[in-house]
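Biologist: Hey, could you walk me through this one? I'm new to it.
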Amino acid sequence: INCGRCIAACPFGAVHEKSQIIDILKAIKSDKKVIAMIAPSIAGQFPGNIYQLKSAIIKVGFDDVYEVAQGADITAENEAKEFMERMSEGKNFMTTSCCAGYNQLIKKHLPEIKPFVSDTKTPLYYTAEIVKKEHPNAETVFISPCFAKRKEALDNPNVNNVLNFEELGAILIAFGIEVDTCESKTYDFKSSKEARDFPLSGGVARAVQAAWKGNPEDLRPTVINGLTKATVRDLRMYAKTGKCQLGNLIEVMSCEGGCIAGNAGLNTVK
């Protein structure tokens, strides 16, 4: 693990990666319906586009593929509403809560920031909820960019298993599937550009801005692009004073660059 890329892994607390490839392949070989949910950060991880990737994943044996960006649209709308409520209550700032590494940091080492953290659920939460509602008996598999997200997924009763990008790549190689030679398949739900940009640093803040219905000047976003000793110190100061001079909507990403730099990504330098 490249600890600098996952605050939940190191130095703030250990995360152990345990593969579920065998369980997933067994489910695919059974008579169960198995549905994949791909994180938005998967774009650019494989040759070809996300429409060809859907086709490739179905060739492996999955019955369908959902974009977690579908849930990101819901997250953005809910965070915009929650931000308005918090500001009307007199709060000076709110931090986003989509990053699993950041949420683990709060639980383990930064509880004082909790009153300022959004209660809105993550894109994975909303997507898994949709999938289970539409396919109650299906096995759901979240395809993830990082180790920290595995903890979030396995704590969610609507997610049965987790596959990271490296593991998916290994499966595609084993099956002899080349993504860029597959036909394109559209997704049943068309996610917005802002939702698909969630994994980029600043992407969550931009999506919330796009969903914001109030005065544009009332929402002032700022971004913590990677958790370090310095940025954790800043967050601790914001919590202590109840103020952030840089903005009132603070997007926090554990990995510099966003989820596209997740530690289980194919393009991550380790």
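Biologist: Is Tyr-51 buried or exposed, or something in between?
Modeller: This is a predicted model, and in it Tyr-51 counts as partly exposed because its relative accessibility is 27%.
Biologist: Okay, and what about Tyr-187, buried or exposed?
Modeller: Tyr-187 counts as buried, since its relative accessibility is 10%, and buried means under 20%.
Biologist: How do the rings of Tyr-51 and Tyr-187 sit relative to each other?
Modeller: Their centres are 5.9 Å apart and the planes are at 55°, so the pair is tilted. Tyr-51 is in helix α2, while Tyr-187 is in the loop between α7 and α8. That's 136 residues apart, so the pair links distant parts of the chain.
Biologist: How many aromatic pairs are there?
Modeller: The structure holds 5. Another one of them is Tyr-125 with Tyr-126: ring centres 5.5 Å apart and planes at 90°, so edge-to-face. Tyr-125 is partly exposed at 30% relative accessibility, whereas Tyr-126 is buried at 12%.
Biologist: Which residues form an aromatic cluster?
Modeller: Phe-93, Phe-116 and Tyr-238 make up one.
Biologist: Switching to helices: at what angle do α2 and α7 cross?
Modeller: Roughly 65°, with the axes of α2 (residues 50–60) and α7 (residues 165–175) coming within 10 Å. So α2 is roughly perpendicular to α7, and the crossing is left-handed.
Biologist: Which residues meet there?
Modeller: From α2, Leu-53, Ala-56, Ile-57 and Val-60; from α7, Leu-168, Ile-171, Leu-172 and Phe-175. By class, that contact has 8 nonpolar residues, with no polar and no charged ones.

How values were computed:
Residues numbered from 1 in each chain as written. Predicted model: local features only at pLDDT ≥ 70, side-chain atom pairs only at ≥ 80, totals over all residues. Heavy atoms only, no water. Axes fitted to C-alpha atoms, helices over the stretch in contact; angles between N-to-C directions. Helix = DSSP H or I, 4+ residues; strand = E, 2+ residues; numbered from the N terminus. Parallel < 35°, antiparallel > 145°, perpendicular 65-115°, else oblique. Left-handed = near helix turned anticlockwise from the far one by under 90°. Contact = heavy atoms within 4.5 Å. Nonpolar A, V, L, I, M, F, W, Y, C, P; charged D, E, K, R; others polar. Phe/Tyr/Trp six-rings, centres within 6.5 Å; stacked < 30°, edge-to-face > 60°. Buried < 20%, exposed > 50% of the residue type's maximum accessible area, 1.4 Å probe, protein only.
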